[in-house]
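Visitor: I would like to learn how to read helix packing and strand pairing in a model.
Guide: Let us look at one.

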Amino acid sequence: PGVILEAAVQKKPSIATNVGGVLEVIRKNETGIIIDDFDKEEFRLSILKLVEDEKLRNRLGKNAYNLVREEFDSGKNAVQFEGLYNQLIWENSGKLPADQKPKRLRILQIIQKQQYRGAEIFSCQLSNHVVQKGHEVKVFSIYGGQAELPFEGEINSFNRDKTSRYLDMEGWKSIAEVVKDFNPHIVQANASDTLKYTVFSKTIFGWKTPIVYRNASVSSYYIKDVASKMWNRELMKRVDKIISVSHWSKKDLNMFFPFTRNKSEVITIGVEEDTKELHDHFDHSESRNIVHVGSLTKEKNHKDLLLIFKEVVNSFPEARLHIIGEGPLRKEILFQINKLLLTDKVKLHGEIKDPVNFIKFSDILVLPSMIEGLPAVILEAMFYKTPVVAYSVGGISEILNENTGFPVTYGDKEKFINSIKDIFENHPIKKITLAKDQVNNHFLNKNLVDKFIKSYYDVI
């Protein structure tokens, strides 16, 4: 219904029955109110509630305005049609004169390492979709690694030594040689070290290809001193486009470096549709399984995670915690597990190729991070209808709310514990169904790819 969008442009919330595509234009209790089962009394009370509560009315209206600006803007819709038209033209380009054929893009994706981490996995998934659209992609990693990342082509590596990344002339030269040989239209840098390497290579060896930087982090958490800020400012000045994973990440970067506003946009991370057989690793008859996916680093906050789980075990001794990921704090985390007498209830699985096997079949996904850009694991849990409990930090609030999961104010361990217990006692069917719908409507990689391709065309 277009009238809901027109109301949103005027910052007015809507109340509507849950029919047809209403769920696609109203976020329940966030941008308006949706009435299930044609409940007339609920409809009447909802109208009265909005009439009498000015603050609620204004909040929902503002949220509706932001939603329509972001997802239903006619200019952005035109971009998607443009992508479709270009694809159709490309498919029939054999009939066109050479000067009328659309540009077949060549994208050089630079990832940090061949490892099972969100930035690398998403870059490879995105690259597959770009190739399926008729373009050409090469993927190179700065450092080596053994992970079997999901890129359908070959992944090459520069095999650089991380300790010399600030003085690695040979590494910068290697990138320049690939750029000269492949002649890409875009070089995309997908993490902090890839940004350093691409900017240094371009600056020293003088190649002209635009650099697109994929900002998946929160700058204010990592940039702590004046020298670091000056250093990163110079790097940011030398990129042509910054694509942030969330509005939070973009806002944080723009606050730190105001000059980035005119070359920043938001294109979220996404998930792949379920195309392969998954395997259940759990014995559900004897345990309740909680899964956490993330690098073993300070910002993932395993200290709080283990303290929370200890309290959960006191009420549900059959609970088990599965931690998937690897990192520098492994020994410290193992020490805390032993100290809390949880050795028989917590398992560190390390890096694994298909964490979605654990995500899909677990009872709960937990993420007590100190900071996040926009974690793909939450979207994957939503897609597979696994309830999510997470500290509402960074971009998490843009995907997780009271309707789609269990957001918790950072540091409120008691609410985190109670949310886990609530899920064990009352399986939240309605929340996980809305969460699944949200991912299907807004966070599938097959739909996000057109936004990336449009962004690439804009840069060149």
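Guide: What follows covers a helix pair and then a sheet. This is a predicted model, in which local features need pLDDT of at least 70 and side-chain atom pairs count only at pLDDT 80 or more, while totals for chains, interfaces and linings use all residues. Residues are numbered from 1 along each chain as its sequence is written, and side-chain values use heavy atoms, with hydrogens and water left out.

Visitor: At what angle do helices H7 and H8 pack?
Guide: Two packed helices are described by the angle between their axes and the distance between the axes. Here H7 (residues 169-182) and H8 (residues 192-205) pack at about 80°, with axes 8 Å apart. The two are therefore roughly perpendicular (65 to 115 degrees). Axes are lines fitted to C-alpha atoms, for helices over the stretch in contact, and angles run from 0 to 180 degrees between N-to-C directions.

Visitor: Which residues in H7 and H8 meet?
Guide: Among them are Trp172 and Ile175 in H7, and Phe200 and Ile204 in H8; contact means heavy atoms within 4.5 Å. By class, this contact has 8 nonpolar, 3 polar and 1 charged residues.

Visitor: In what order do the 6 strands of the open sheet stand?
Guide: Strands of a sheet pair through backbone hydrogen bonds, either parallel or antiparallel. In this sheet the order is E12-E11-E10-E13-E14-E15, with parallel pairing; two strands pair if DSSP finds at least two bridges between them. E12 (346-350) and E15 (406-408) stand at the edges, each with a single partner strand, so one side of each lacks a neighbour in the sheet.

Definitions and conventions. Helices (H or I, at least four residues) and strands (E, at least two) are DSSP runs, numbered from the N terminus. Angles under 35 degrees count as roughly parallel, over 145 as roughly antiparallel, 65 to 115 as roughly perpendicular and the rest as oblique. Ala, Val, Leu, Ile, Met, Phe, Trp, Tyr, Cys and Pro count as nonpolar, Asp, Glu, Lys and Arg as charged, and the others, Gly among them, as polar.
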